[in-house]
Amino acid sequence: MDGGTPGNGAAGPQAADSETVAALRDVLRVAGDIRAALGRRLGVGATDAAAIDHLVASTEPLGPVELGNRLGIRSASATTLVDRLVQAGHVARAPHPRDRRRLCLQVTDHAAAQVVEALRPMLAGVERAVDRLSPEQAAATAAFLRETAEVMREYADGTPAEPTQRRAPR
């Protein structure tokens with residue numbers, strides 16, 4: 001980055017790059033707030049909303065252990081979380097499709113409908129923003145977002161389980 005800030009009169013590619021990075025950081029910060037807002041709309045806590053989000057978005061069946069790992073919580077906490085979501089009718093336990101010894105978690109149809117309804121205003125606004133893009137802008141934006149998501153996925157997958165110990169300088 002060039003050290004300049006968007007809107008400070010800087011011109012050229014570096015200013016545009018800085019503005020793009022700043023805009024993406026803003027999107028990421030706001031995205032962190034979406035789960036809490038979704039939780040409020042569903043009447044559940046942020047962790048419960050995050051769990052539902054992970055279950056809806058996962059391409060693979062998740063059990064309580066995998067869900068806990070994705071949320072960064074211990075096994076006992078994941079069990080308590082799943083029990084709470086099942087009791088509230090948001091999640092159901094089901095046989096794993098490929099491993100008969102395991103269970104997987106599925107968001108109930110009722111909870112999925114509640115999530116869609118709660119997100120509808122935000123999704124409609126995003127669709128309006130996309131509709132204002134030219135086909136070329138939409139293609140470039142989609143490519144940028146896919147590449148950014150892949151970079152973020154690689155970073156998340158490569159994160160060590162334990163924090164790196166740093167020694168204080170002597």
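A51 touches L67, L71, L81 and L85 when residues up to four places away in sequence are not counted, a contact being a pair of heavy atoms within 4.5 Å. The model is predicted, so that local features need pLDDT of at least 70 and side-chain atom pairs count only at pLDDT 80 or more, whereas totals for chains, interfaces and linings use all residues. Residues are numbered from 1 along each chain as its sequence is written, and side-chain values use heavy atoms, with hydrogens and water left out.

**Overall make-up**

- The protein has 6 helices and 2 strands, where helices (H or I, at least four residues) and strands (E, at least two) are DSSP runs numbered from the N terminus.
- Read from the N terminus on, the elements run α-α-α-α-β-β-α-α.
- Of the 170 residues in the protein, 22% are buried; buried means under 20% relative accessible area, exposed means over 50%, and partly exposed lies in between (1.4 Å probe, protein chains only).
- Among contacts between residues at least 6 apart in sequence, 40% join residues at least 24 apart.

**The largest nonpolar core**

- The largest nonpolar core has 21 residues, and L55 and L67 are those with the most contacts inside it; such a core is a set of buried Ala, Val, Leu, Ile, Met, Phe, Trp, Tyr and Cys residues joined through side-chain atoms within 4.5 Å.
- Two or more residues of this core come from each of α1 (13–42), α2 (46–57), α3 (64–71), α4 (75–87), β2 and α5 (109–131), and the largest share, 5 residues, is that of α2.
- With residues up to four places away in sequence left out of the count, L55 touches L62, L67, V91, L105 and V107.

- The buried residues of α3 are L67, G68 and L71, and because they cover an arc of only 100° around the axis, they are on the same side of α3; the arc is that of the directions from the helix axis to the C-beta atoms.
- V65 and N69, on the other side of α3, are exposed.
- The cover over the buried residues of α3 includes α2, α4 and β2.
- After α3 comes G72, whose phi is positive, near 75°.

**Packing of α2 against α3**

- The axes of α2 and α3 come within 10 Å and cross at roughly 115°, the axes being lines fitted to C-alpha atoms, for helices over the stretch in contact, with angles that run from 0 to 180 degrees between N-to-C directions.
- The crossing of α2 and α3 is right-handed, which is the term used if the near helix is turned clockwise from the far one by less than a right angle, left-handed being the term if it is turned anticlockwise.
- This contact is made by T47, A50, A51, H54 and L55 of α2 together with L67, R70 and L71 of α3.
- A51, which has its place in helix α2, counts as buried because its relative accessibility is 0%.
- A51 and R35 are 16 residues apart in sequence, and their C-alpha atoms are 9.6 Å apart in space.

**H96 in the loop between the strands**

- H96 lies in the loop between β1 (91–95) and β2 (103–107), and H96 is buried, with a relative accessible area of 8%.
- The side chain of H96 reaches two backbone nitrogens, that of R98 at 3.1 Å and that of D99 at 3.2 Å; a polar contact is a pair of N or O atoms within 3.5 Å, where within protein one must be able to donate a hydrogen and the other to accept it, and where residues adjacent in sequence count only if both atoms are side-chain atoms.
- Apart from neighbours within four places in sequence, H96 is in contact with P61, R102, L103 and C104.

**A112 in α5**

- A112 lies in helix α5 and, at 30% relative accessibility, A112 counts as partly exposed.
- A112 and H90 are 22 residues apart along the chain, and their C-alpha atoms are separated by 8.0 Å.
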